[in-house]
Amino acid sequence: MRSQAALSIRSAYTVGSFSLDAQLDVGVETVALIGPNGSGKSTLLLATLGIRTPTQGRITLGNHVVFDSEAEIDCPTEERRMAYLPQDFGLFPFLTAVGNIEFAIACAGTGIGRRQRQERAMAYLEQFGIVRLAGRHPHQLSGGERQRVALARAIASEPRALLLDEPTASLDVGARAEVRALLRESLEHLQIPTLIVTHDEGDITALARRVAVMEAGRIVGCASAEEAARHPANAFADRLLNGVRPDPSVAVR
């Protein structure tokens, strides 16, 4: 897949007592978004995707404006061509593994027939080493297997940007290593802006070029993974990047 232009996010969002006011630019790279629970990481992903509507701001992907509060532009989620992988994988329970991937291919608007969609879906399953799971439904799969299907579905949609929310958090140690390896290979092939929310230093080491740190709805630092570890933006980043796994439920003061 050819390289895509940068994802630029300027997003402000307020609900109740929570306020998000974040700015972030993601080039053809993977940026890890870290911070304690409640800092706004998932909200930023959802605002970028179009599931939540910012109160103000501007979001662009290359030359395509997907949201602009002043110009009253708010593209529907399906028109933004961004793939989103939630923490619970988001697979349709009533579809088989191959059916989930076929659905993504159909949504990509390629215009190909059903037989071609099925052949292409099987090729993605083969790429991820899970052809044997084609006819199984999500409840019949292990966590690692569901994650592989979910990743294959995300990539099959031919996205222009990829948003991942804790992609390895629910996996055991062995499955986590396997999924990271597959994800790294896929990202190297895709060459698109990728934003990954994580509380796992292993994800950052294996996947991310830069680290953005969120605190109380704002980006308080963004640097290369090495620089972020040498000069952490806050105490949470210091604990995560320098060897002590933080408790994400503890807010940083």
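**View 1. Helix α2 packs through its buried residues against α3 (114–127) and α4.** Contact denotes heavy atoms within 4.5 Å, and buried denotes under 20% relative accessible area, as against over 50% for exposed and partly exposed in between (1.4 Å probe, protein chains only). The model is predicted: local features need pLDDT of at least 70, side-chain atom pairs count only at pLDDT 80 or more, and totals for chains, interfaces and linings use all residues. Residues are numbered from 1 along each chain as its sequence is written, and side-chain values use heavy atoms, with hydrogens and water left out. Helices (H or I, at least four residues) and strands (E, at least two) are DSSP runs numbered from the N terminus. Eight of the 11 residues of α2 (residues 97–107) are buried, so this helix is largely enclosed by the rest of the structure. The buried set comprises Ala97, Val98, Gly99, Asn100, Ile101, Glu102, Ala104 and Ile105. Just after α2, Gly109 adopts a positive phi of about 75 degrees.

**View 2. The largest nonpolar core contains 49 residues.** Such a core is a set of buried Ala, Val, Leu, Ile, Met, Phe, Trp, Tyr and Cys residues joined through side-chain atoms within 4.5 Å. Ile34, Ile101, Leu162, Ile204 and Val211 have the most contacts inside this core, to which α4 gives the most, with seven residues. Leaving aside residues up to four places away in sequence, Ile101 touches Ala121, Tyr124, Leu125, Val149, Ala152, Arg153 and Ala156. Another core, of 25 residues, lies apart from it and includes Leu20, Cys75, Leu163 and Val197.

**View 3. The axes of helices α4 (residues 143–156) and α5 (residues 173–190) come within 10 Å and cross at roughly 10 degrees.** This makes α4 roughly parallel to α5, a term for angles under 35 degrees. Axes are lines fitted to C-alpha atoms, for helices over the stretch in contact, and angles run from 0 to 180 degrees between N-to-C directions. From α4, Gly144, Gln147, Arg148, Leu151 and Ile155 meet Ala175, Glu178, Val179, Leu182, Leu183, Ser186 and Leu190 of α5.

**View 4. Six strands form an open sheet of mixed pairing in the order β7-β8-β9-β3-β10-β11.** Strands pair if DSSP finds at least two bridges between them. At the edges, β7 (82–85) and β11 (218–224) each pair on one side only. Neighbouring strands of the sheet are turned by 15 degrees against each other on average, direction ignored. Strands β3 (residues 30–34) and β9 (residues 194–197) pair in the parallel sense over four bridges, with Thr194 in β9 as the bridge partner of Thr30.

Terms used: Parallel < 35°, antiparallel > 145°, perpendicular 65-115°, else oblique.
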